[in-house]
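User: Hi! Could you walk me through this one? I'd like to go residue by residue and then look at some helices.

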Amino acid sequence: MPELHISDARLEPIAKKVLAGVRLDAADGLALYRSPDLLAVGWMANHVREKRHGKTTYFNINRHINPTNVCTAHCRLCAFGRSPDAPGAYTYALDEVWQRAAEGVAEGATEFHIVGGLHPDLPFEYYLDLIRGLKQRFPQVHLKVFTMVEIGYLSRITKLSVRDVLVKLKEAGVDSMPGGGAEIFNPRVRKVICDHKTSGRQWLDIARTAHELGLRSNATMLFGHIETPEERVEHLLLLRQLQDETHGFVAFIPLEFHPENTALAHLPKPTGYDDLKCIAVSRLLLDNFEHIKAYWIMLTPRIAQIALKFGANDMDGTVIEEKIYHDAGATTPQELTRSELERLIREAGFEPVERDTLYRPVDRSKLPPLTRHPNTTLVTLTT
Ligand code: V47
């Protein structure tokens, strides 16, 4: 590996810790965020990444399904949620969910990633039927379903405890949970960007309960709006603390805020510099998270590719039909083919490995043949 050149002297003691495998603290996290020396921060993050994963970079073949965009939370950060009677509001009948899922399976999906709005009228049975129906029809596909925020909402509307909601969902067939809704845990920030939603403390408590029940989950951080570097560090360290306790988190995904079509549209758009910094700092502070994802939908395939050298070891998936970021003005394509993902990874000097949701390598020769070859979709990279 080439040598580390540090132009910011404040990073020297941190680099020593990183090379010695010593855990970083909050002050180190702040120094990393404040340092203009992006390349040195990236070098350190890549050092940790390559020590753990070598040249391996994971991706998966997945299908996103958002059963409804009707949402009572009205978060300022969000361009996806709608009032029930607003133009563009939709809720899928279960048959539409099966149809989308079947399309995903035809593309070779090993995972359904399912999240939606906090619908005022849908009964808990709708969600249970949705899970049971998917499990029955596609037992081989991993169900990564519902954020901590949705679980908190289902607990409120059913008057069941969070634990009981999770137990019922697990019995219905939920295998693990995505990491959304974490945003920034600090209450000052939540008051502005997602006032009526599950608090940061509740998000962490729900994740703890899920992990105790054997449901693993991901975690996210939404950055690039009104949060300070201190609030980012606090967020990451709260996740690290919970991970020390439960070891239930699978991957961490830093999510860049897209302001378009949201109530925060006046905020500046994110930058590649901040994207790479966030990826690198998360790799360095979250020493007990195995996987850091460069979610290309949000970062653009170009930045996601570079992020692989800044600490990320996963590109997420082929996705198909992404709505949350595209409603917020994302100009990335809605899907990438397997061969596009592999090319991006190889070109950056890494080895692509298809994984399942829990990062076990996927052996395609043991799976049923695809009805639609995953490389037939031609995608033009627009950014
Ligand atoms: O929870 C919403 C964020 C998340 C906007 O677990 C926005 O594998 C930017 O959690 N601009 C959903 N972000 C996406 C998510 C995710 C994505 C990929 C993989 C996984 C995983 C999880 O997107 C929301 C929220 O934090 N979000 N609106 C917006 N305007």
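User: Let's start with E347: buried or exposed?

Analyst: E347 counts as exposed, because its relative accessibility is 56% and the cut-off for exposed is over 50%. One thing to keep in mind is that this is a predicted model.

User: Got it. Which helix is E347 in?

Analyst: E347 lies in helix 15, which covers residues 338–347.

User: And what does the side chain of E347 join up with?

Analyst: The side chain of E347 makes a polar contact of 2.9 Å with that of Q305. Along the chain E347 and Q305 are 42 residues apart, while their C-alpha atoms are separated by 8.5 Å.

User: Nice. Switching to H142: why does it count as buried?

Analyst: H142 has 11% relative accessibility, so it counts as buried, the limit being under 20%. You'll find H142 in strand 4, residues 142–145.

User: Which side chain does H142 have a polar contact with?

Analyst: That would be S176, with 2.7 Å between the two side chains' contacting atoms. Leaving out residues up to four places away in sequence, H142 touches T110, E111, F112, D175, S176, T357 and L358.

User: How about S282, buried or exposed?

Analyst: S282 is buried, with a relative accessible area of 1%. Its place is in helix 11, residues 272–285.

User: What does S282 touch?

Analyst: Not counting residues up to four places away in sequence, S282 touches L236, F252, P254 and I292. L236 is itself one of the buried residues of helix 10.

User: Oh, tell me about helix 10 then. How many residues has it?

Analyst: Helix 10 has 18 residues, 229–246. From first C-alpha to last it reaches 26 Å, close to the 26 Å expected at 1.5 Å a residue. Just after helix 10 comes H247, with a positive phi of about 55°.

User: What covers the buried residues of helix 10?

Analyst: The cover includes helix 2, helix 8, helix 9, strand 6, strand 7 and helix 11. Among the buried residues are V233, H235, L239 and Q243.

User: What's the angle between helix 4 and helix 5?

Analyst: Helix 4 (residues 94–106) and helix 5 (residues 124–137) pack at about 35°, and their axes are 10 Å apart. Their crossing is right-handed.

User: Which residues meet there, in helix 4 and helix 5?

Analyst: From helix 4 there are L94, V97, W98 and A101, and they meet Y126, D129, L130, G133, L134 and R137 in helix 5. The residues of this contact divide into seven nonpolar, one polar and two charged.

User: Why might residues three or four places apart point the same way?

Analyst: An α-helix has 3.6 residues a turn, so residues at that spacing point the same way.

User: Last topic: which residue other than glycine has a positive phi near 65°?

Analyst: That's N261, found in the loop between strand 7 and helix 11. N261 counts as exposed, because its relative accessibility is 56%. Another one is T300, which is not a glycine and has a positive phi of about 80°.

User: Where is T300?

Analyst: T300 is in the loop between helix 12 and helix 13. With 19% relative accessibility, T300 counts as buried.

How values were computed. Residues numbered from 1 in each chain as written. Predicted model: local features only at pLDDT ≥ 70, side-chain atom pairs only at ≥ 80, totals over all residues. Heavy atoms only, no water. Axes fitted to C-alpha atoms, helices over the stretch in contact; angles between N-to-C directions. Helix = DSSP H or I, 4+ residues; strand = E, 2+ residues; numbered from the N terminus. Left-handed = near helix turned anticlockwise from the far one by under 90°. Contact = heavy atoms within 4.5 Å. Nonpolar A, V, L, I, M, F, W, Y, C, P; charged D, E, K, R; others polar. Buried < 20%, exposed > 50% of the residue type's maximum accessible area, 1.4 Å probe, protein only. Polar contact = N/O pair within 3.5 Å; in protein donor to acceptor, adjacent residues only side chain to side chain. Expected span 1.5 Å × (residues − 1).
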